[in-house]
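I am opening a new notebook page for this chain and will write down what I look up, one topic at a time. I want each entry to say plainly where in the structure I looked.

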Amino acid sequence: MWILGIVSLLWFFDCFIGAYLTFPRGHPVFRRWWPAWTVRYTRVNYDLHRAGGLWPWLLLAVMALSGVYFNLNQELFMPALGPWRP
């Protein structure tokens, strides 16, 4: 349980690191980030890898967070949610 919880916690943080790395630096974000969602034929392998990580990003982050919840419920979630628990 601990191993799977730690792996899913790392996976959850990795989702945000991957999203951060796809944002362009020093440019207007959405105008420069939009090509990451499309696939061009000149760089097919690179664009498929990049777009394949962006398309299901929210689903992967929710799956990773649910893995943390299911495996580290008493160790991590309940102490963190202490004041908001019913």
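**Helix H4**

I began with helix H4 and looked up which of its residues are hidden, and I found that Ala61, Ala64, Gly67, Val68 and Asn71 are buried. I keep in mind that this is a predicted model. Looking down the axis of H4, I noted that these buried residues fall within an arc of 120°, so they line one face of the helix. For background I recalled that an α-helix has 3.6 residues a turn, so residues three or four places apart point the same way. I then turned to the other side of H4, where Leu58, Leu59, Val62 and Phe70 are exposed.

Next I asked what covers the buried residues of H4. I found that the cover includes helix H1, residues 2-22, and helix H5, residues 73-80. I also checked the length of H4, which runs over residues 57-71 and has 15 residues; from its first C-alpha to its last it reaches 21 Å, close to the 21 Å expected at 1.5 Å a residue.

**Helix H1**

At 1.5 Å a residue its 21 residues should span 30 Å, and I found its end C-alpha atoms 31 Å apart, which agrees. The buried residues of H1 are Gly5, Ser8, Phe12, Cys15, Ala19 and Thr22. Seen down the axis of H1, they fall within an arc of 125°, so they too line one face of their helix. On the other side of H1, I listed Trp2, Ile3, Leu10, Tyr20 and Leu21 as exposed.

**One pair of residues**

I picked Gly67, which is found in helix H4, and Ile6, which is found in helix H1. How far apart are Gly67 and Ile6 in sequence and in space? I found them 61 residues apart in sequence and 9.2 Å apart in space, taken from C-alpha to C-alpha. I then compared each with the cut-offs: Gly67 has a relative accessible area of 15%, which is under 20%, so it is buried. Ile6, at 43% relative accessibility, lies between 20% and 50% and therefore counts as partly exposed.

**The largest pocket**

I moved on to the largest pocket, which holds about 290 Å³ of space. It is lined by 14 residues, and those closest to its centre are Gly18, Ala19, Thr22, Arg50 and Gly53.

H1, helix H3 (residues 44-54) and H4 each supply at least two residues of the lining. Sorting the lining by class, I wrote down eight nonpolar, four polar and two charged residues.

**The whole chain**

Last, I stepped back to the chain as a whole, whose secondary structure comes to five helices and zero strands. From the N terminus on, I read the order of its elements as α-α-α-α-α. The chain has 86 residues, and buried residues make up 22% of them. I also looked up the contacts between residues at least 6 apart in sequence, and noted that 53% of these join residues at least 24 apart.

Methods
Residues are numbered from 1 along each chain as its sequence is written. This is a predicted model: local features need pLDDT of at least 70, side-chain atom pairs count only at pLDDT 80 or more; totals for chains, interfaces and linings use all residues. Side-chain values use heavy atoms; hydrogens and water are left out. Helices (H or I, at least four residues) and strands (E, at least two) are DSSP runs, numbered from the N terminus. The expected span of a helix is 1.5 Å times one less than its number of residues. Buried means under 20% relative accessible area, exposed over 50%, partly exposed in between (1.4 Å probe, protein chains only). The arc is that of the directions from the helix axis to the C-beta atoms. Contact means heavy atoms within 4.5 Å. On a 1 Å grid over the protein atoms alone, a cavity is a set of points where a 1.4 Å probe fits but cannot get out, and a pocket is an open set with protein on both sides within 12 Å along at least five of seven lines; lining residues have an atom within 4 Å of a point. Grid points are joined across faces, edges and corners, and a volume is the space filled by probe spheres set on the points. Ala, Val, Leu, Ile, Met, Phe, Trp, Tyr, Cys and Pro count as nonpolar, Asp, Glu, Lys and Arg as charged, and the others, Gly among them, as polar.
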